[in-house]
Amino acid sequence: MLEADYIIVGAGTAGCVLADRLTACGRFTVLVLEAGPSDRRLPIQVPIGYGMSFFNPTVNWMYRTEPEPALADRSGYWPRGKVLGGSGSINAMVHVEGQPVDFADWEKAGDSGWSLEALSSYLDRASERIQGNDVSRDTHPLCVNFLAAGQQVGFHSEADLSRLGADGVGYFRIATRNGLRLSSARAYLRPAMRRSNLSVHVDVHANRIGFDGLRACEVHFSRAGSVHVARARREIILCAGSINSPKLLQLSGIGPASTLKANGIDVLRERSGVGRNLQDHLCIDHLYRSRLPTLNQQFGSISGKIFAGLRYLLFRSGPLALSVNQAGGFVRSRPGLAAPNMQLYFSPLSYTRTPPGTRPLMRPDIFPGFLLSAQPCRPTSRGFLEIASADPAAAPRIVPNSLATDHDVSELLEGSRLLRQLAATPALRDVIETELMPGSGIQSDAEMFADIQKRATTVYHPVSTCRMGHDPDTDVVDQSLCVHGVERLRVVDASIFPSIPSGNTNAPTLMVAEKGADLILGKSGLR
Ligand SMILES: Cc1cc2nc3c(=O)[nH]c(=O)nc-3n(C[C@H](O)[C@H](O)[C@H](O)COP(=O)(O)OP(=O)(O)OC[C@H]3O[C@@H](n4cnc5c(N)ncnc54)[C@H](O)[C@@H]3O)c2cc1C
């Protein structure tokens, strides 16, 4: 039987950080159980390859939401990484720390160890391993038009969109090093795997946690069709992400009693917050046909592909070394706001005509096209997820409850209007041949909202399904990230966020994992 001091379930963004930090002192043995395979694959290591992981079931859980009434009954597609590095191995690599205002709630949900000052020191510590890499010299020339458009609308120019409190438009920095993706698997796990006290098992699916009374002591897992048990001498730490950590708790008898009973699971601890409070970022894209060539021409021609490929092979640079989200910003969509409320993206590429279920970034639209996108930073709608079966292999039922609040509706409308404002600036209007989507026929608020309902999509940032907080009736983990009401079981991943941060969620997940490691090791903090 496998046995270790600590068992980490899930080697994603957070799990890889913990595997490194908990083994560094040499005092403890750590066992990592990861459902997916190794990340040593070209589409994961080469930055632009994430287009290929987007619908690849070998490395992606490929979840779907329930049909959403507020989104014209569409069922959303929710990719999640199932591979060493987790979603950090299949994501778009945009590296942002967020806004100070994001963390105002966190200290209330935790304690002084979760203050902005404490958290920013953990962001700093994470940035010693994974930073936003400045790739602006490789970006498409049309980014310059987007940045000028932002300034013509009145936004600042922001030299570092990664920094906490970024304000204005600029180039995104991305998590790469030497032209290769820099996931936490590469930055934390690989170096730690040289240690004899760390053992990492891939292609191993954790089914449930086993308890001795209320003390978590073992993980039941499947490997190649048979079921095994691994024992933890000290603790079990769930790092399975915002969908699978609450799912595992529910499968283990911790969750809303009605859900557990409906699926024939014995209730170990009634915890109605498990799977609740789900938050996510919703985004609207406007698509333009361009008068100037975009990456569509480069990726759409054999000579362009050869050139991009050679540039990458020889210099590890060019569009293959980038995300398609090349520029963007954190801006205010209306005057008088204390902090930016809108994240913008500029992508010098479009792939609207590819069949559903594919996203080959290297086979984009045949015409020159680009995208402007707006994503409200701090939505207030909250959804939920719950198991739909006692079968650990079955996907949970995900109900995002998007656009459930007036705040979220009006901010997405403002975002859509802001994209029109940017497109109308001298810097962009001359390069735009036509607005293809939503199109000039869409003008009134009602028409714009109908367009949002038809087309708005997630940008893949689900959080808060095992929310940290003091109230065992509504929250799942306490300020030490221990699951309320049971012993020796923690959750350390994006599911514990008390609320969604303004921007992309990978850097804040690294921050939570750095903090979690100190909590587990009994260290009081960095300052
Ligand atoms: C397509 C996409 C694009 C994104 N783009 C960006 C971006 O550009 N910038 C950014 O900051 N963020 C981005 N994100 C979000 C970011 O990657 C996530 O917020 C972050 O990776 C979450 O980390 P985590 O540790 O909570 O979970 P994950 O990284 O998802 O890790 C969970 C791990 O647990 C494993 N696991 C789950 N269940 C089990 C089980 N039962 N047994 C064993 N193992 C299990 C999974 O396979 C996975 O490896 C994106 C996400 C996606 C999917």
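One aromatic cluster is formed by Phe54, Phe55, Tyr77 and Tyr460, where rings of Phe, Tyr and Trp (its six-membered ring) pair if their centres lie within 6.5 Å. The model is predicted, so that local features need pLDDT of at least 70 and side-chain atom pairs count only at pLDDT 80 or more, while totals for chains, interfaces and linings use all residues. Residues are numbered from 1 along each chain as its sequence is written, and side-chain values use heavy atoms, with hydrogens and water left out.

By the ring criterion, the count comes to 13 aromatic pairs. The ring centres of Phe103 and Trp106 lie 5.0 Å apart with planes at 80 degrees, so this pair is edge-to-face (planes over 60 degrees apart; under 30 is stacked and the rest tilted). Phe103 is buried at a relative accessible area of 2%, and Trp106 is buried at 0% (buried, under 20%; exposed, over 50%; partly exposed in between; 1.4 Å probe, protein chains only). Trp106 also pairs with Trp114, at a centre distance of 6.3 Å and a plane angle of 45 degrees, and this pair is therefore tilted. Trp114, like Trp106, is buried.

Helix α1 (residues 13-24) packs against helix α7 (residues 184-192) at an angle of about 30 degrees, with the axes 8 Å apart. The two helices are therefore roughly parallel (angles under 35 degrees). The contact (heavy atoms within 4.5 Å) involves Thr13, Cys16, Val17, Ala19, Asp20, Arg21 and Thr23 of α1, and Ser184, Ala185, Tyr188, Leu189 and Ala192 of α7.

Key: Axes fitted to C-alpha atoms, helices over the stretch in contact; angles between N-to-C directions. Helix = DSSP H or I, 4+ residues; strand = E, 2+ residues; numbered from the N terminus. Parallel < 35°, antiparallel > 145°, perpendicular 65-115°, else oblique.
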